[in-house]
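User: I would like to go through this structure with you. Could you take my questions one at a time?

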Amino acid sequence: MSGAIVIGASGSWARALLKISPYTFSAIGIAVAIGVSVLGAAWGIYITGSSLIGAAIKAPRITSKNLISVIFCEAVAIYGVIVAIILQTKLESVPSSQIYEPESLRAGYAIFASGIIVGFANLVCGLCVGIIGSSCALSDAQNSSLFVKILVIEIFGSALGLFGVIVGIIMSAQATWPSKV
Amino acid sequence: MYGFEAMTFNIHGGYLEAIVRGHRSGLLTAADYNNLCQCETLDDIKMHLSATEYGSYLQNEPSPLHTTTIVEKCTLKLVDEYKHMLCQATEPLSTFLEYITYGHMIDNVVLIVTGTLHERDVQELLEKCHPLGMFDRQVLFKIFLTAAAKLQMLIWCYFSSCFFSIATLAVAQNMRELYRLVLVDTPLAPYFSECITSEDLDDMNIEIMRNTLYKAYLEDFYRFCQKLGGATAEIMSDLLAFEADRRAVNITINSIGTELTRDDRRKLYSSFGLLYPYGHEELAVCEDIDQVRGVMEKYPPYQPIFSKLSYGESQMLDKAFYEEEVKRLCLSFEQQFHYGVFFAYMRLREQEIRNLMWISECVAQNQKSRVHDSVVFIF
C-alpha cells in the first residue's frame, strides 16, 4: 500500500502501530477527554464533600459559601464535556483508500492527543481543587476570615484545567482530514 | 507513601476528621479558664461551663455540686464523642481509636485487682473505673469472681496455721489463672505474657505490673502506627516517643530511693523514643533528681523543660511535661489527612478534664491562690 511505502516502517511492531486506524485513536481520544475529566471532577468533589459535611455539623454557616469549591470541581467535568463535543465534530469520514495517508494519521493523532491533554489536565485539576476545597472547608469552620484567602489558591488551581482545555482546542484545530479527491 | 494521603484519605476518614476538628474548636480557651479561675463556688463554675459545650451535660445536676460530679459529667461527654466516632469508623481507623483507650483499660484492670486484694466493694470499684477503658460486663464479672475465689481461699487459710505462705501461693495461683482464663479474651491479652512469670503480687509489684503492661502497650501501638505508614506513622511516632520518654523520666524519679534494682528499672523503659538506648543506660544509674536533670539536658528537645526548674525541684516537672505535651498535640492539628488528630484530640480533652478537676478542687477547698500551679492552657 502506498501509505506503508511513504512511512517506511521496517520493524513489525512499528508497522502494527501504524496500521491501527486513525478512527480508533480519535475515538479513544474523545473517550479519554470526557472519561478522565469526569474521574477528576468526581474525585475532587468527594474529597471536598466529605470534609464539608463533617465540618458543617459544628459550623453550619460554612455550607453555602463552600459550595463554590464543589462548583470549581464540577467546572472541570464541564470542560471535558465541551472538548469531547468539539472533538467529535472534528471526526470525519475519509474514503478507505486514504485512511492510512499521513494526513489521516495526523488528524487521528491530533484528536487523540487533544483528548489525552484535556483528560489528564482535568484529572489533576479536579484533584487539586478538591484537596484545597477540603482544607478550605475545615479552615472556614474555625476562622471565617480564611475563606476568601484560600479561595484564591483554588482559583489558581482551577486555571490548570483551563490550560489543558486551551492546548487541547489548539491541537484539535490541527485535525484536518484529507479532502475527498 | 508519605505525601499522597490527600488523594485517598477522605474516602474513609474525611468525615470523621472533619468532626474531630469541629470538636477541637470546642475546647476551652485561655479566656474560659480565666473566667473559671475567678469563680467563688462550684455553682459559679457550673454557670460558666453552661455557656460552653459542657452546658447540656451539667444543667440537670442538682444544686449542691461535688467536684467528682463535674469531672464525671465532663468525662461522660468525652466518652459520648468517642463512641460516636468509633461507631462511624472503618478499619484501620477503628483499630486506631481502640488503641487509644487501652491505656485506660490497663488502669482499670490494675484498679480492680488492687481493690479486690484490699477487699473493697464491687460497686465502688466499678464506679471508679474510667469509662473509656471498660470491658464488657461478662469479662468484668469473671475478674471479680476469680479475685473473690482467691479471697475465699484467704479466709479459709486464716483458720489454718500457715497463713502467710499459703495465702501468697493462693494469690499467685489465682492471678495466673486470672490472666490465663479471663484476660486472654480482652485486647490486653498480648501484653500479659511478660507479667505471667511474676511470682508474688504485693502492692509494689502491682505498680511494676502496671508499668510493664503500659510499656508493652506503647510498643504495640508504635508498631501499629509504623505499619500504617505515611503521615500517621510520622506524627504518631513523635507523639508516642515523647510519651515513652516522659514515662522513663517519671519511672526513674519515682523509683529513686526504693528497692527497685537498676536492671528492673531498665526493663520498664520502652524500646523506642529519643532516649533509647543511650539515655536509658544513663537514666538507669541515676540516684537523684540532679543526675536525671544532667542526663536530660543533653537532649535538645527536653532541655527547655528542665531548664525551667530550679535545682532540686520536681513538683513543677509534671506541669512542664504537660505543657510540652499540649504543645506537640496542638501541632499535630496543623497537618491534614492523618489519624494523629484523633489521638491528639483525646489527649487534649483529658488534659482539659484534669484542668477542670484542679480548678474545681481549688475552688471547693478555697485555695484559689494555687489555681495556676497546675492548669495548662491549651489555646
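User: Let us begin with residues 67-87 of chain A. What share is helix, and how far apart are the end C-alpha atoms?
Analyst: Residues 67-87 of chain A are 100% helix and 0% strand, with the end C-alpha atoms 30 Å apart. Helices (H or I, at least four residues) and strands (E, at least two) are DSSP runs, numbered from the N terminus. This is a predicted model, in which local features need pLDDT of at least 70 and side-chain atom pairs count only at pLDDT 80 or more, while totals for chains, interfaces and linings use all residues. Residues are numbered from 1 along each chain as its sequence is written, chains are lettered from A and ligands numbered from 1 in the order in which they are written, and side-chain values use heavy atoms, with hydrogens and water left out.

User: Which feature does UniProt place there?
Analyst: The unreviewed UniProt entry lists "transmembrane region" at residues 23-46, 67-87, 107-134 and 146-171 of chain A. UniProt positions are given in the numbering used here, feature names are shortened, and annotations may be inferred rather than shown by experiment. Residues 146-171 of chain A are 100% helix and 0% strand, and their end C-alpha atoms are 39 Å apart.

User: Where is the domain annotation in chain A?
Analyst: UniProt, again in an unreviewed entry, gives "domain: V-ATPase proteolipid subunit C-like" for residues 28-87 and 112-171 of chain A. Residues 28-87 of chain A are 95% helix and 0% strand, with end C-alpha atoms 11 Å apart. For residues 112-171 of chain A, the span is 95% helix and 0% strand, and the end C-alpha atoms lie 9 Å apart.

User: Is A:Ile170 buried or exposed?
Analyst: A:Ile170 is exposed, at a relative accessible area of 55%; buried means under 20%, exposed over 50%, and partly exposed in between (1.4 Å probe, protein chains only). A:Ile170 sits in helix H6 (residues 146-172) of chain A.

User: Moving to chain B, how many helices are there?
Analyst: Chain B has 18 helices and 0 strands. Of its 379 residues, 52% count as buried.

User: Which residues have the most contacts inside the largest nonpolar core?
Analyst: They are B:Ile45, B:Leu49, B:Phe96, B:Leu188, B:Phe221, B:Phe342 and B:Phe343, in a core of 79 residues. Helix H18 (residues 340-364) of chain B gives the most to this core, with 12 residues. A nonpolar core is a set of buried Ala, Val, Leu, Ile, Met, Phe, Trp, Tyr and Cys residues joined through side-chain atoms within 4.5 Å.

User: And what does B:Phe96 touch?
Analyst: Leaving out residues up to four places away in sequence, its contacts (heavy atoms within 4.5 Å) include B:Phe221, B:Met236, B:Tyr339 and B:Phe342.

User: How many salt bridges are there over all chains?
Analyst: The search of the whole structure finds 26; a salt bridge is a side-chain nitrogen of Lys or Arg within 4 Å of a carboxyl oxygen of Asp or Glu. One of them joins B:Glu325 and B:Arg347 (3.4 Å, N to O). B:Glu325 lies in helix H17 (residues 315-331) of chain B and B:Arg347 in helix H18 of chain B, 22 residues apart. Both B:Glu325 and B:Arg347 are buried.

User: What about B:Glu352 and B:Arg349?
Analyst: They form a salt bridge, with the closest N and O atoms 2.6 Å apart. Both B:Glu352 and B:Arg349 are buried. Salt bridges that share partners join A:Lys58, B:Glu53, B:Lys77, B:Glu81, B:Arg349 and B:Glu352 into one network.
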